[in-house]
Each structure stands twice: as C-alpha cells, then as structure tokens.
Amino acid sequence: MKIVIYDSKECDPKRCTAHKLEKQNKVSIVHNIHKIPYNAIVLDAEAKKAVSREDKSNITKYGLSALDCSWNKLKKSSFNSKSKKNHRLLPFLVAANPVNYGKPCTLSTAEALSATLYIVGFKEQARELMNGFKWGPHFITLNEELLDAYSEAKNSTEIVEVQTEFIGGK
C-alpha cells in the first residue's frame, strides 16, 4: 500500500511524525503537492465526506495521502481548486501524541494515517504504523472503541451518525 505525505516544510523535522515515518520506510514524502498520486484518498480537514470502509479499494489501488502543512496557507493555494472527489475528513478522535495529548481532532499526521487505515479495515497496518512511536500504541487504545465503531460503518453517512451519537447528538 502506497502512503504519500505532502510536506510543506513548516514544522520541526525532529518532532514531525511524517519525517519519523519516512525514516522508518513506512511512507514517502513529497514537497510538491502535485506529486500526490492521482485518485489516492487524501486526508483533508476541509473535505465534505468522512473516510469510511468504502474507501478501502481506492486506498489499495491508488494509495493514501496526507497533507502535512498549515491549513490556513493551503486554503489560499492553487491546491484548493483541485478536484476534491477523493478528499476525506476524519471523524472525532482524540490525540495521543505528546504535543496535543487529549485534544480532540488535533491528530498528528501519523495518527491521522493510522486512524484512516483502521477505519477502512487495515487494522494491523494501522497498529504497525503507530508502533514506531513510544506513545503510538496508546493512540489505538485510547480511541479503540470509536475506531471499532467507525470501522463497522458502511459509508460516510454512517460514520457521521456514529460520531454524532458518541459526542452526544441526537
């Protein structure tokens, strides 16, 4: 499975989970946003559709990409006008990384990739990705109930329903 991360060089490489994953040969990093594989599922905080197991075949065939950059800068870039048919949003999860521990929806790139893999049905690969970090396995443990519920949802609509029920909606 191909995992490509767009790195805009805006973070401290010593603390960056994307760089650590690259050193572990688990991902490829690109510095040109146009190098993201065509038709790959792209994790995007601005997406209109949540990632779900419907995306598994696309990830298998074309790969998974994450954007490791300032979202404010990305909104102003030409990338914002590209087709977003394969862009996906992650549902509610809690960070376990040392920088944002306990904060909802403030995941590191590694956590976001791992959550996506778990939700679409690649649970072992999700765990393997997180094993490269001292705190990594705790991310899965901390969110396991939610991740399991999300992974059972058939599509984006059901993902949102699970999320709404969890955070106290209808």
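## Helices α6 and α7

Let's start where helix α6 meets helix α7 (residues 156-166): their axes come within 8 Å and cross at roughly 150°. Axes here are lines fitted to C-alpha atoms, for helices over the stretch in contact, with angles running from 0 to 180 degrees between N-to-C directions. That crossing makes α6 roughly antiparallel to α7 (angles under 35 degrees count as roughly parallel, over 145 as roughly antiparallel, 65 to 115 as roughly perpendicular and the rest as oblique). Helices (H or I, at least four residues) and strands (E, at least two) are DSSP runs, numbered from the N terminus.

This is a predicted model, in which local features need pLDDT of at least 70, side-chain atom pairs count only at pLDDT 80 or more, and totals for chains, interfaces and linings use all residues. Residues are numbered from 1 along each chain as its sequence is written, and side-chain values use heavy atoms, with hydrogens and water left out.

As for handedness, α6 passes α7 in a right-handed crossing (left-handed if the near helix is turned anticlockwise from the far one by less than a right angle, right-handed if clockwise). On the α6 side, Leu146, Ala149, Tyr150 and Glu152 meet Glu158, Ile159, Val162, Gln163 and Phe166 of α7, where contact means heavy atoms within 4.5 Å. Sorted by class, the residues of this α6 and α7 contact come out as six nonpolar, one polar and two charged. For these classes, Ala, Val, Leu, Ile, Met, Phe, Trp, Tyr, Cys and Pro count as nonpolar, Asp, Glu, Lys and Arg as charged, and the others, Gly among them, as polar.

## Helix α5 and its partners

With α4, the axes of α4 and α5 (residues 123-130) come within 7 Å and cross at roughly 165°. That makes α4 roughly antiparallel to α5, but here the crossing is left-handed. Among the residues that meet are Leu113, Leu117 and Tyr118 in α4, and Ala126, Leu129 and Met130 in α5. The contact of α4 with α5 has seven nonpolar, two polar and three charged residues.

So which residues of α5 are buried? They are Ala126, Leu129 and Met130, where buried means under 20% relative accessible area, exposed over 50%, and partly exposed in between (1.4 Å probe, protein chains only). Seen down the axis of α5, its buried residues fall within an arc of 95°, so they line one face of the helix; the arc is that of the directions from the helix axis to the C-beta atoms. The buried residues of α5 pack against α1 (17-23), α4 and α6 (136-152).

Arginine 88 sits in strand β5. Is arginine 88 buried or exposed? Arginine 88 counts as buried because its relative accessibility is 6%. Leaving out residues up to four places away in sequence, arginine 88 touches a group that includes Asp44, Lys49 and Asp55.

Aspartate 68 belongs to strand β4 (residues 64-68) and, at 14% relative accessibility, counts as buried too. Neighbours within four places aside, aspartate 68 has contacts including Asp7, Cys11, Cys16 and Thr109.

## Loop residues worth a look

Valine 94 is in the loop between β5 and α4 and is buried, with a relative accessible area of 19%. Its contacts, not counting residues up to four places away, include Pro104, Leu107, Phe139 and Leu142. Valine 94 and glutamate 158 are 64 residues apart in sequence and 19 Å apart in space, C-alpha to C-alpha.

Two loop residues have a positive phi without being glycine. Asparagine 39 has a phi of about 75°, lies in the loop between β2 (28-30) and β3 (41-43), and is buried at 17% relative accessible area. Cysteine 105 has a phi near 60° and is found in the loop between β5 (87-88) and α4 (109-120), but cysteine 105 is exposed, with a relative accessible area of 55%.
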